[in-house]
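Here is a briefing on the structure shown below.

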Amino acid sequence: LVSIMSYLELPCRKLETFTLSTMLIQTALDTHEHISRTSENEKSRQLTVLAGDYYSGLYYKFLADAEEILMIKTLSTGVKEVNEHK
């Protein structure tokens, strides 16, 4: 991801924010993907959901703090498309 973004010639701080936020949203998607619908341990399932939501919240926080509203919109659109294709 950093290699791809390096072609954009972004300032280092912006590159870090975009990379971290993208990694967090991917982690949120991956975490939610591993939620078992037939899990015998309901508490474990709930904690997994909360963990995914936490990662999602962090991506949003980092971008909001950096006032990167366009990137929030871009990643949110990507998440929507991923979920629609599932």
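**Helix 3 against helix 4**

Helix 3 and helix 4 are roughly antiparallel to each other, because their angle falls in the class over 145 degrees. Their axes cross at roughly 155° and come within 9 Å. This is a predicted model: local features need pLDDT of at least 70, side-chain atom pairs count only at pLDDT 80 or more, and totals for chains, interfaces and linings use all residues. Residues are numbered from 1 along each chain as its sequence is written, and side-chain values use heavy atoms, with hydrogens and water left out.

- Helix 3 covers residues 42–65 and helix 4 covers residues 69–85. Helices are DSSP runs (H or I, at least four residues), numbered from the N terminus.
- Axes are lines fitted to C-alpha atoms, for helices over the stretch in contact, and angles run from 0 to 180 degrees between N-to-C directions.
- On the helix 3 side, Tyr59, Tyr60, Leu63 and Ala64 make the contact. Helix 4 contributes Met71, Ile72, Leu75 and Ser76. Contact means heavy atoms within 4.5 Å.
- By class, this contact has seven nonpolar residues, one polar and no charged ones. Ala, Val, Leu, Ile, Met, Phe, Trp, Tyr, Cys and Pro count as nonpolar; Asp, Glu, Lys and Arg count as charged; the others, Gly among them, are polar.

**Helix 2 and its cover**

- Helix 2 has 22 residues, residues 12–33, and should span 32 Å at 1.5 Å a residue. Its end C-alpha atoms are 31 Å apart, which agrees. The expected span is 1.5 Å times one less than the number of residues.
- The buried residues of helix 2 include Leu15, Phe18, Thr19, Leu24, Ile25 and Leu29. Buried means under 20% relative accessible area, exposed over 50%, and partly exposed in between (1.4 Å probe, protein chains only).
- What covers the buried residues of helix 2 includes helix 1 (2–6), helix 3 and helix 4.
- Thr19 of helix 2 counts as buried, at 9% relative accessibility. Leaving aside neighbours within four places in sequence, Thr19 is in contact with Leu1, Val2 and Met5.

**The nonpolar core**

- The largest nonpolar core has 13 residues. Such a core is a set of buried Ala, Val, Leu, Ile, Met, Phe, Trp, Tyr and Cys residues joined through side-chain atoms within 4.5 Å.
- Those with the most contacts inside this core are Met5, Phe18, Ile25, Tyr59, Leu63, Met71 and Leu75.
- Helix 2, helix 3 and helix 4 each supply at least two residues of this core. The largest share, five residues, comes from helix 2.
- Beyond neighbours within four places in sequence, Phe18 is in contact with Met5, Leu10, Leu63, Glu68 and Met71.

**Loop residues with positive phi**

- Most residues other than glycine have a negative phi.
- Glu9 has a positive phi, near 55°. It is found in the loop between helix 1 and helix 2, and is exposed, with a relative accessible area of 70%.
- Glu67 also has a positive phi, of about 55°. Its place is in the loop between helix 3 and helix 4, and it is exposed at 67%.

**Val49**

- Val49 lies in helix 3. At 29% relative accessibility, it counts as partly exposed.
- Apart from neighbours within four places in sequence, Val49 is in contact with His32 and Ile35.
- Val49 and Leu70 are 21 residues apart in sequence and 26 Å apart in space, C-alpha to C-alpha.

Notes:
Parallel < 35°, antiparallel > 145°, perpendicular 65-115°, else oblique.
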